[in-house]
Amino acid sequence: MNMVSEIASAPRSRGASDPAVRMEDVNKWYGSFHALENVNLTVGRGERIVICGPSGSGKSTMIRCINQLETIHSGRIVVDGHDLTAGGKNVDLIRQETGMVFQQFNLFPHMTVLDNCTLAPMKVRGITKAEAEETAMKFLRRVRIPEQAAKYPAQLSGGQQQRVAIARALCMNPKIMLFDEPTSALDPEMVKEVLDTMVDLANEGMTMLCVTHEMGFARSVADRVVFMDRGEILEVATPDAFFDAPQHERTRFFLGQIS
Amino acid sequence: MIRVFGWNEFLVIVVAAQWTIALSAIAFAGGSIGGLLIALMRVSDVRAFRLFATGFIRVFQGTPLLMQLFLVFFGMNISGFAINPWIAATIALALHASAFLGEIWRGCIEAVPKGQREAATALGLRYYHSMRQVVLPQAIRIAVAPTVGFLVQLIKGTSLASIIGFTELTRQGQIINNATFSPFLVFGTVAAIYFLLCWPLSLVARRMETRFSRATAR
């Protein structure tokens with residue numbers, strides 16, 4: 001346990017002094033179910049974290065706490081220097097600075113791809129339609145689907161939809177990107193195009209927290225891999241250490257099951 | 001003394017339909033505003049709002065429309081306002097419509113997947129914009145058919161306003177019948193006019209429904 005907390009709190013900042021995310025003794029319950037148990041994790045700027053673990057282990061819950069889609073019952077979460085437990089204004093700020101990509105894409109079905117991308121920048125940041133569209137096209141080109149801008153989400157494949165979702169989040173110029181099983185709802189042949197987009201993003205230095213079962217992605221992209229089970233962080237290690245020499249028995253069991 | 005049910009009598013009934021239409025329109029407009037508020041309160045995070053909206057809906061769904069008309073009509077009288085069937089009927093029907101539309105629209109709002117609201121929130125959109133731009137436009141698509149269905153109920157429901165002395169289609173029919181004693185002809189005409197008001201609405205509802213679902217198919 002000692003080793004875990006040591007690595008978990010190791011500062012690896014690549015930018016300013018504040019870490020991107022700092023979680024201290026975070027606890028959350030659903031009724032009597034202990035969803036997060038004394039979670040401690042510090043994520044440096046520009047760091048790429050992959051979170052894995054069996055289903056129901058609290059991975060999604062943990063990253064959903066970072067932008068307050070879930071509230072916590074005790075502990076402290078500081079994102080980009082803003083303490084979330086202080087509530088109100090800080091929560092709004094954090095949501096603007098973190099982008100999230102969901103398993104089910106959650107694109108707005110009644111809007112075109114372009115409108116999906118321009119809505120939040122216009123309504124939240126108050127920029128003009130022309131500016132927002134320019135930014136949107138820039139990011140749609142980056143995820144390699146500018147030609148789909150006028151289409152509705154239902155007219156796109158799953159992989160294309162998820163890339164739009166990534167572009168939509170990037171349009172807010174987030175400092176941190178949260179990925180909640182972004183490839184789990186995709187047909188196998190579409191997983192690669194989404195992972196490639198995520199790799200591009202990682203190479204550009206984006207701070208990323210990814211809940212994923214794509215162990216190849218974890219190995220090649222992650223700076224650290226976090227293993228969770230039953231609401232606890234059991235192990236935090238570099239990919240090499242994590243895959244080649246897992247410390248915890250439950251980590252070994254998990255890795256044995258998925259490989 | 002008995003008049004014959006002729007062209008003039010027929011026209012008098014037809015003209016009275018304008019009051020049915022006016023009453024329905026005002027009640028529906030009021031009910032839309034009230035219904036939206038009730039629906040938003042029903043799905044609110046604030047417990048007090050939810051409880052109030054639930055209570056409001058229970059009361060209006062659990063009592064006959066006629067009693068609601070009576071209570072507003074005589075209630076206004078007791079509280080010192082002049083007896084005015086127009087105002088009483090409008091208020092009662094608008095409240096009635098608020099409760100029913102509120103409950104219908106609550107269902108439509110809840111039918112929009114939770115992830116839509118979450119995606120909007122994660123993008124930094126606050127309550128107003130996430131409702132206005134994301135949730136409600138999708139809820140409306142689902143709401144069209146049941147809303148028009150309720151509007152048809154409401155138009156037929158306005159006939160009860162005749163009992164508190166509001167002269168609309170039904171009441172005019174009664175008046176003409178008292179003079180002509182041709183109940184089958186008179187009420188047949190009245191019923192036919194109600195049908196002509198309601199049936200096209202059902203057709204419009206069906207057309208709007210297909211148009212909406214084509215534009216926003218998932």
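A residue counts as buried under 20% relative accessible area, as exposed over 50%, and as partly exposed in between (1.4 Å probe, protein chains only). By that scale Phe100(B), at 23% relative accessibility, is partly exposed, and Phe150(B), at 7%, is buried. The model is predicted, so local features need pLDDT of at least 70 and side-chain atom pairs pLDDT 80 or more, while totals for chains, interfaces and linings use all residues. Residues are numbered from 1 along each chain as its sequence is written, chains are lettered from A and ligands numbered from 1 in the order in which they are written, and side-chain values use heavy atoms, without hydrogens and water.

A pair of aromatic rings is described by the distance of the centres and the angle of the planes. Rings of Phe, Tyr and Trp (its six-membered ring) pair if their centres lie within 6.5 Å; planes under 30 degrees apart are stacked, over 60 edge-to-face, and the rest tilted. Over all chains, 12 aromatic pairs are found. One of them is the stacked pair of Phe100(B) and Phe150(B), at 5.6 Å centre to centre and 10° between the planes. This pair links distant parts of chain B, with Phe100(B) in helix α4 (residues 85-111) and Phe150(B) in helix α6 (residues 127-157), 50 residues apart. Helices (H or I, at least four residues) and strands (E, at least two) are DSSP runs, numbered from the N terminus.

In chain A, ring pairs join Phe227(A), Phe242(A), Phe243(A) and Phe254(A) into a cluster.

Helices α4 (residues 113-125) and α6 (residues 158-170) of chain A pack at an angle of about 25°, with axes 8 Å apart. The axes are lines fitted to C-alpha atoms, for helices over the stretch in contact, and angles run from 0 to 180 degrees between N-to-C directions. The two helices are therefore roughly parallel (under 35 degrees; over 145 is roughly antiparallel, 65 to 115 roughly perpendicular, the rest oblique). Val113(A), Asn116(A) and Cys117(A) of α4(A) make the contact with Val164(A), Ala167(A) and Arg168(A) of α6(A), contact meaning heavy atoms within 4.5 Å. The charged end of Arg168(A) also sits over the ring of Phe108(A), 4.4 Å from its centre (CZ of Arg or NZ of Lys within 6 Å of the ring centre and within 35 degrees of the ring normal).

Two loop residues of chain A remain. Arg144(A), between α5 (129-142) and α6, has a positive phi of about 65° although it is not a glycine. Glu181(A), between β7 (176-180) and α7 (188-203), has a positive phi near 50°. Arg144(A) is partly exposed at 46%, whereas Glu181(A) is buried at 13%.
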